[in-house]
Amino acid sequence: MKYPARLFLTLFCLLFFASLLHAAVPGLMNYQGVLTDAGGAIVPDGDYDVFFAIYKDSVDADSVWCESRTVTVEEGVFSVILGSLSPLTENTFEDTPRWMGITVESDPEMTPRMKITAVPWAIRAAVADSAVVAGGAGADADWTIYGDNMYSGVSGNVGIGTDDPLYPLHVVGNDSIGSAMIGPEATINEDSRFLFSEDDDGTYGIFLHYNGAANQLEIGGLAGGTEYGPHAVFSRNSPLIEFSGSAGSALFNLNGLGNSTVTLPGDAVAAAEILDEPGVACSTWTGTYQWIGSTPTVLLSRSIVCPAAGYVLAIATAHVQWHIGSSYAFDCHFALSTQTTVMPDPYYSLQLPGGMPWGTYNQPVTIHGLFPVSTAGTHTFYFLGEIQVSDFDLYDKTLTLLYVPTAYGNVSEPLTAGGPVNDPEVGAERAAAEAANAARLEKEVAGLREEIEAIRAELRAEEDR
């Protein structure tokens, strides 16, 4: 020993470092101290051989555990983890209090021995029932226990179930029980709450609240400690989801039937997320009859507000009446259009040949047209009529508009004439479909022929045996 004066060791802290998974697994103990000479001065920095021993009492010569270590001293302070060479087991701290004896270099063991406090005694317990600190506060270099609270005194991550924590609190469970549980003291029908806070005392943030009595999970916010919306409630016993806020609420109750299972705000049809809702508009003529002129005449008009691009299906009906008192032929054109002065083509032509018996004739007329709508807004459509020969009277006119947001098939040019239409595109599509069907049938017939030939071959082979 290069210092003739006796070395003294002042206890800085004694901390239980690692817990036991069960009683047979050894523990570790973190020991920190300040090394001084006989006069109380801090020794120079360097490495020192220190012998640690644990005894049953303060004077017993036989130790229950011992370990020799070389410690590095910096500014008088050293730290060592005991138990890494000679394991600390539950028997080390069994039954009675224990005393720590320390010998530095060639000096005799320091006196008096230091009594080991209750903190390391957790090594001998496979499961600790409780931890109590008398007098209110207890602390070491890493953790502080004050009353009912325990908090860390060091920066970094805390791990539960892992020795390599990646987050400020990193909890790892197992495949059976998961990672963590938060629950009340009672066993059933109580509440549990988990808070994500934006401040350090939990007055502002978002919470998860399980209502045991109602079997519901609620997600909501806190402002100044008061709950605020929006809130979402999920029911455990029935498929019920409710969202509520200061501006309105929505409810999806799939445990029932009918319209009441879904409740939305009163103006939800006009909300942006469902602007593609179909809509309809209609106009009905209430007069007695109408004459048709020799130029395009507006029989009815109707406007519809389209929330987005899509299509408008226009359907017009009328009751046509004419009187025959001569041998003249009769001809009248009808059409649907977005213009008022031009008769579109194609149009519907209602004709009556000359030479028919005298009298009054009636004919219902129905025409339709599908019009693409490229922009949102108000669009107006017209039911047009035009006399070509003779005169007609018109009764019971209607014009109905239906907006649809999406086409689920091919849409050809607008068709505004009733009756059969010879559309080249429709004919080509029909021909292609018929050709594909014929090819399919031919392939199936060829397959059947091959199977029949195979069966025949097997039968002939059986006959030859």
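Both E67 and R69 are buried, where buried denotes under 20% relative accessible area, exposed over 50% and partly exposed in between (1.4 Å probe, protein chains only). The model is predicted, with local features requiring pLDDT of at least 70 and side-chain atom pairs counted only at pLDDT 80 or more, while totals for chains, interfaces and linings use all residues. Residues are numbered from 1 along each chain as its sequence is written, and side-chain values use heavy atoms, with hydrogens and water left out.

R69 lies in strand β4 (residues 63–73); strands (E, at least two residues) and helices (H or I, at least four) are DSSP runs numbered from the N terminus. The relative accessible area of R69 is 17%. Its side chain meets that of E67 in a salt bridge (2.9 Å, N to O), defined as a side-chain nitrogen of Lys or Arg within 4 Å of a carboxyl oxygen of Asp or Glu. A polar atom of the R69 side chain also lies 2.8 Å from the backbone oxygen of I81. Beyond neighbours within four places in sequence, R69 is in contact (heavy atoms within 4.5 Å) with residues including Y48, D49, F52, V80 and L85.

The whole structure holds two salt bridges. Besides the bridge of E67 and R69, the side chains of R113 and E109 meet at 3.0 Å, N to O. R113 counts as buried, at 13% relative accessibility. The charged end of R113 also sits over the ring of Y55, 3.4 Å from its centre; this requires NZ of Lys or CZ of Arg within 6 Å of the ring centre and within 35 degrees of the ring normal. R193 lies over the face of F207, 4.4 Å from the ring centre.

Turning to the aromatic rings, a search of the whole structure finds five aromatic pairs. Rings of Phe, Tyr and Trp (its six-membered ring) pair if their centres lie within 6.5 Å, with planes under 30 degrees apart stacked, over 60 edge-to-face and the rest tilted. F334 and F383 form a tilted pair, 6.2 Å centre to centre with 40 degrees between the planes. Because F334 lies in strand β24 (residues 330–337) and F383 in strand β27 (residues 377–389), this pair ties together parts that are 49 residues apart in sequence. F334 and F383 are both buried. F371 and F381 form another tilted pair, at 5.1 Å and 50 degrees, linking strand β26 (residues 359–373) to strand β27. F371 is buried, as is F381. Elsewhere, Y31, F52 and F78 form one aromatic cluster.

Notes:
Polar contact = N/O pair within 3.5 Å; in protein donor to acceptor, adjacent residues only side chain to side chain.
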